[in-house]
Amino acid sequence: MEKQILEIEIEPGMGPRLDKALAAAVPEQAALSRSRLARLIAEGAVSRDGMAVTDQKAKVSAGEIYAIALDPPRAVETIAQDIPLEVLWEDADLIVVNKPAGMVTHPAPGTPEGTLVNALLHHFGGNLSGVGGEARPGIVHRIDKDTSGLLVVAKSDRAHHGLAAQFEAHSVHRHYLAICHGIPDPADPRLRGTRGVSFENGGILKIATQLARHRTDRQKQAVVAGGGRHAVTRTHVIEGFHGAAALIDCWLETGRTHQIRVHMAHAGHGLLGDQTYGGKRKLSEKAVGAEGAEAARLFPRQALHAATLGFIHPVTEEELSFEAPLPADMEGLITSLRGAGAR
């Protein structure tokens, strides 16, 4: 079978050596780890201007284009599984579900089963839009495994194309509820001096930066000075918890991978429970009490929930809007954080 060629352009700041630059540049869906890239380089599968480059430490420069020759992916059979779903809307063209935390949106290496797509295939008897491919039928957007909340999935190809166009145009309304460290405050001089951070009327925090793959950890995203993709997040505080944490409403102008998590961490207000971007911060018992501090320490996931979703039905042109209440684990965390003030 013919090799598939993946072309990668080196962007500024990705160097200086080939293996690290490629690890930062390859798209996430390619599922190429740095160790696999090193093997491909050694095997002569990476070339520039038609010449193989076999030294993983070879120096690279911005603007150079490398070709990676890959074996065709093995056929994947996405099986239907009888997994319960919370359905908020369903018609002939689409379905809106409230995804629980811990469920992956679609199959991927390491998680071939137990995903939302596996559950949907059982629910529909296999009737999902084929536009997304065998592993991602019907999927037009996704939320992280450990983020709970609302997702719309296309059942027909016409709905898939129409929904995808709305997400591409950033006309879909999405609000997330999150619990962050500290309280974003317009009077905080540190925030005023953080790149890409500003405040709008009503105390709305706006974070506008470029996001790209982390230079050394391809599973992460990072704020970068140049290159990357433009990302804008807005947020405002709903409720503060004794100066130590806050319940916030976040809404997206763009929809990049891990966008809210990366942006809030960049602003110094990483999400509670976020092991990837939240660092090792802990809430002080003095501020939130022993129960609140312990609840925050033990919270097993990023405290993030896709709470509202609004879009135009791609077939009927009806304006649709959905809400999903906070899940029990986030409600329990909030109750523990509030309780400190009563003692």
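**Reading a predicted model by its cut-offs**

Analyst: Let's begin with helix H4 in this predicted model: its buried residues are Ala 159, His 160, Leu 163, Gln 166 and Phe 167.

User: What puts those residues on the same side of H4?

Analyst: The arc they cover around the axis is only 130 degrees, which puts them on the same side of H4. The face turned away from that buried side carries the exposed residues Arg 158, His 161 and Glu 168.

User: Which strands do the buried residues of H4 pack against?

Analyst: There are several: the buried residues of H4 pack against strands S6 (94-99), S7 (148-154), S8 (173-181) and S14 (304-312).

User: How do you know what span is expected for H4?

Analyst: The expected span is 1.5 Å times one less than the number of residues. H4 covers residues 157-168, 12 residues in total, and reaches 16 Å from its first C-alpha to its last, close to the expected 16 Å. After the helix comes His 170, with a positive phi near 60 degrees.

User: Why does His 263 count as buried?

Analyst: The term buried applies under 20% relative accessible area. His 263 has 0% relative accessibility, so it counts as buried. This histidine belongs to helix H6, residues 259-266.

User: What makes the pairing of His 263 and Thr 233 a polar contact, and at what distance?

Analyst: A polar contact needs N or O atoms within 3.5 Å, with one able to donate a hydrogen and the other to accept it. The side chains of Thr 233 and His 263 are joined by such a contact at 2.8 Å. The side chain of His 263 also makes a polar contact of 2.8 Å with the side chain of Thr 209.

User: And why does Thr 233 count as buried?

Analyst: Its relative accessibility is 1%, so Thr 233 counts as buried, the cut-off being under 20%. Thr 233 lies in strand S12, which runs over residues 229-241. Beyond its neighbours within four places in sequence, Thr 233 is in contact with residues including Leu 205, Ile 207, Trp 251 and Ile 260. For His 263, leaving aside neighbours in the same way, the contacts include Ile 207, Leu 211, Val 223 and Ala 231.

User: What makes His 242 and His 258 worth a look in terms of phi?

Analyst: Most residues other than glycine have a negative phi. His 242 has a positive phi of about 60 degrees although it is not a glycine, and His 258 likewise has a positive phi of about 60 degrees. His 242 is in the loop between S12 and strand S13 (245-252), while His 258 is in the loop between S13 and H6.

User: Why does Glu 64 count as buried, and where is its place?

Analyst: At 16% relative accessibility, Glu 64 counts as buried, since the cut-off is under 20%. Its place is in the loop between strands S3 (51-52) and S4 (65-70). The side chain of Glu 64 reaches the backbone nitrogen of Ser 61 at 3.1 Å. Apart from neighbours within four places in sequence, Glu 64 is in contact with Ile 8, Glu 9, Ile 10, Arg 48 and Lys 59.

User: Finally, which domains does the assignment give?

Analyst: The domain assignment gives domain 1 (4-70), domain 2 (86-169) and domain 3 (174-338). The centres of domain 1 and domain 2, taken over C-alpha atoms, are separated by 32 Å.

Note on methods: Residues are numbered from 1 along each chain as its sequence is written. This is a predicted model: local features need pLDDT of at least 70, side-chain atom pairs count only at pLDDT 80 or more; totals for chains, interfaces and linings use all residues. Side-chain values use heavy atoms; hydrogens and water are left out. Domain bounds come from an automatic or database domain assignment. Helices (H or I, at least four residues) and strands (E, at least two) are DSSP runs, numbered from the N terminus. Buried means under 20% relative accessible area, exposed over 50%, partly exposed in between (1.4 Å probe, protein chains only). Contact means heavy atoms within 4.5 Å. The arc is that of the directions from the helix axis to the C-beta atoms.
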